[in-house]
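Let's take a walk through a protein chain together. Have a look at the sequence and the 3D view below, and then we will go through some of the details step by step.

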Amino acid sequence: MIKEFITEIDKELKENEYIKKTIFLFSILLLPVLAGILLIPLPQSSCVFKELTGIPCPGCGGTRAIKSLLYGHFSAAIRYNILACYMSVFYVFYLITNTAYYLSHKKIPRMVFSLKYIYIGIFFAIMTYWA
């Protein structure tokens, strides 16, 4: 079943130059971003919201959380920013399911965006930062 799926994707990629170019361009653009996140040390920056209110904003620790996720340090990532963890996992799952959906000619179900995902993210932000 998996071998047939891969063969079908290969056939589709050979027939459709647009998909091949899109995947290649996305890969090329993503590699420097990942390399930059992994290799460049993060400077200590200040958050204006936190300086004014004393309460961390929903974005505080987001970059450190993503970097920890990329290194596989999941507990550290959750401690840094659970909202960034949720959104990055959501985004990756969304990309994978939609890519499979279009490559399979709409035979594989995909994840359709809904406001409930935003509400879940807001709930995480409230529970993490202001509870």
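Does S68 count as buried or exposed, and why? Keep that in mind while we get our bearings. What you are looking at is a predicted model.

Start with the whole chain. Its secondary structure consists of seven helices and zero strands, so the order of elements from the N terminus on is written α-α-α-α-α-α-α. Of the 131 residues in the chain, 24% are buried. If you take the contacts with a separation of 6 or more, 43% of them come from residues 24 or more positions apart.

Now back to our question. S68 is found in helix 4. Its relative accessibility is 10%, and buried means under 20%, so S68 counts as buried. Which residues does S68 touch, leaving aside its neighbours within four places in sequence? They are H73, A76, A77 and Y80. Helix 4 itself covers residues 62-71, and G72 follows it with a positive phi, near 90 degrees.

Next, see how helix 4 sits against helix 6. The axes of these two helices come within 8 Å and cross at roughly 55 degrees. The crossing of helix 4 with helix 6 is right-handed. Where do the two helices meet? On the helix 4 side you can find G62, A65, I66 and L69, and on the helix 6 side A84, C85 and S88. Sorted by kind, the residues of this contact are five nonpolar, two polar and no charged.

Finally, follow helix 6, residues 82-103, along to N98. N98 counts as buried because its relative accessibility is 10%, while the cut-off is under 20%. A polar atom of the N98 side chain lies 2.8 Å from the backbone oxygen of Y94. Not counting residues up to four places away in sequence, N98 touches R110 and M111.

Methods
Residues numbered from 1 in each chain as written. Predicted model: local features only at pLDDT ≥ 70, side-chain atom pairs only at ≥ 80, totals over all residues. Heavy atoms only, no water. Helix = DSSP H or I, 4+ residues; strand = E, 2+ residues; numbered from the N terminus. Buried < 20%, exposed > 50% of the residue type's maximum accessible area, 1.4 Å probe, protein only. Polar contact = N/O pair within 3.5 Å; in protein donor to acceptor, adjacent residues only side chain to side chain. Contact = heavy atoms within 4.5 Å. Axes fitted to C-alpha atoms, helices over the stretch in contact; angles between N-to-C directions. Left-handed = near helix turned anticlockwise from the far one by under 90°. Nonpolar A, V, L, I, M, F, W, Y, C, P; charged D, E, K, R; others polar.
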